[in-house]
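Here is a short report on one protein chain. Keep the sequence and the 3D view open as you read.

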Amino acid sequence: MSSVAKDEHGDSRLTDETGDRQLAAWEIASIVSSILIAEWIAASVAGGSRFIVALPITLAFAFMIVSHRLRNETLRDLGFRFDNFLQSGLLLLLPMVLVAVLCLALGRWFGGQTNFQRWHAGTPIIGQLALGFGWGLAQQYVLQGFINRRAQLILGKGWLSVLLVAAVFSALHLPNVWLVVATFTGGVVWSAVYQRAPNLFALAVSHSLMTWVIVSTLPPSALHHLRIGFKYFG
């Protein structure tokens with residue numbers, strides 16, 4: 001009798017875990033679908049209307065917030081914290097230096113000229129980095145605070161979930177080949193660091209700095225002016 005009860009309890013727990021993994025996969029698919037709709041469908045029919053493009057993105061953020069509430073995830077759990085900022089920053093430092101050196105070398109190979117004012121022309125560098133930080137924080141929240149956490153529910157911590165997050169991030173930058181390569185590389189580094197020291201502020205700083213370096217060193221023609229989705233063909 002005891003054995004039967006134990007088996008039933010084990011089956012119930014296994015069913016719950018399977019259901020949670022399936023739910024997490026559905027959550028990732030929902031967010032990715034919303035972003036793709038904004039990039040490819042809404043952008044093609046918007047006629048310049050930012051409201052139409054922003055609508056699926058707004059719904060995606062609302063969905064994520066509800067999901068966090070239902071799972072009892074706090075801001076600290078997601079990575080909005082400062083206690084591990086230094087740890088995360090140190091983990092990011094070496095990859096950032098290597099990427100910067102590689103970008104400078106590629107820029108010379110492409111025959112381009114380094115221009116640290118190129119990203120937001122006419123805006124002081126500190127302003128460019130501040131804008132990049134805000135945009136990077138939003139992206140890292142979606143990528144790490146939501147998709148990475150759900151990927152870990154499906155595949156656990158480690159390289160499988162890290163590669164899944166990086167693949168999703170790079171796919172959202174199609175059909176811009178160079179951005180796909182850059183975002184997959186960045187996605188691997190950021191996702192791996194997040195799993196060791198979840199700090200979205202440090203990741204946002206890294207995101208901003210790396211975007212600034214890439215834009216400043218590589219020719220705009222090679223990056224296709226950072227266009228993705230339907231706008232890539234515009």
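In which loop does Gln117 lie? Gln117 sits in the loop between helix 4 and helix 5 (125–155). Here, helices (H or I, at least four residues) and strands (E, at least two) are DSSP runs, numbered from the N terminus.

This is a predicted model: local features need pLDDT of at least 70, side-chain atom pairs count only at pLDDT 80 or more, and totals for chains, interfaces and linings use all residues. Residues are numbered from 1 along each chain as its sequence is written, and side-chain values use heavy atoms, with hydrogens and water left out.

**Overall picture**

The protein has nine helices and zero strands. From the N terminus on, its elements read α-α-α-α-α-α-α-α-α. The C-alpha trace spans about 75 × 45 × 30 Å along its principal axes.

Of the 234 residues, 39% count as buried. Buried means under 20% relative accessible area, exposed means over 50%, and partly exposed is in between (1.4 Å probe, protein chains only). The accessible surface of the protein comes to about 13,100 Å². Carbon and sulfur atoms hold 70% of that surface. Such areas come from the Shrake-Rupley method with a 1.4 Å probe; for residues, only the protein chains shown count as cover.

Now take the contacts, meaning heavy atoms within 4.5 Å. Among contacts in the protein with a separation of 6 or more, 77% join residues 24 or more positions apart.

The protein carries 16 positive and 11 negative side chains. Lys and Arg count as positive, Asp and Glu as negative; His and the chain ends are not counted. The centres of the two sets lie 16 Å apart. Each charge is placed at NZ of Lys, CZ of Arg, CG of Asp or CD of Glu.

**Two packed helices**

Two packed helices are described by the angle between their axes and the distance between the axes. Look at helix 4 (residues 85–110) and helix 8 (residues 200–217). Their axes come within 10 Å and cross at roughly 10 degrees. That makes helix 4 roughly parallel to helix 8. Helix 4 brings residues including Phe85, Leu92, Met96, Val99 and Cys103 to the contact. Helix 8 brings residues including Phe201, Leu203, Val205, Met210 and Ile214.

The axes are lines fitted to C-alpha atoms, for helices over the stretch in contact, and angles run from 0 to 180 degrees between N-to-C directions. Angles under 35 degrees count as roughly parallel, over 145 as roughly antiparallel, 65 to 115 as roughly perpendicular and the rest as oblique.

**Sequence gaps and C-alpha distances**

Val99 is in helix 4. Val99 is partly exposed, with a relative accessible area of 24%. Ala167 belongs to helix 6. Ala167 counts as partly exposed, at 34% relative accessibility. Gln117 is partly exposed, with a relative accessible area of 37%. The table pairs each of these residues with a partner.

| Pair | Gap along the chain | C-alpha separation |
|---|---|---|
| Val99 and Met210 | 111 residues | 7.7 Å |
| Ala167 and Leu203 | 36 residues | 18 Å |
| Gln117 and Gln144 | 27 residues | 29 Å |

Leaving out residues up to four places away in sequence, Gln117 touches Thr123, Ile125 and Gln128.

**A glutamate in helix 1**

Is Glu27 buried or exposed? Glu27 counts as buried, at 4% relative accessibility. Glu27 is found in helix 1 (residues 2–45). Not counting residues up to four places away in sequence, Glu27 touches Phe63, Ser67, Arg71, Phe146 and Arg150.

**Backbone details**

Which two residues does a cis peptide bond join? The bond links Leu174 and Pro175, and omega is about 0 degrees. Pro175 lies in the loop between helix 6 (159–171) and helix 7 (177–196).

Next, check phi. Asn72 is not a glycine, yet its phi is positive, at about 60 degrees. Asn72 lies in the loop between helix 2 (50–70) and helix 3 (75–78). Asn72 counts as exposed, at 65% relative accessibility.

His224 also has a positive phi, near 55 degrees, in a residue other than glycine. His224 is in the segment after helix 9 (220–223). His224 counts as partly exposed, at 26% relative accessibility.
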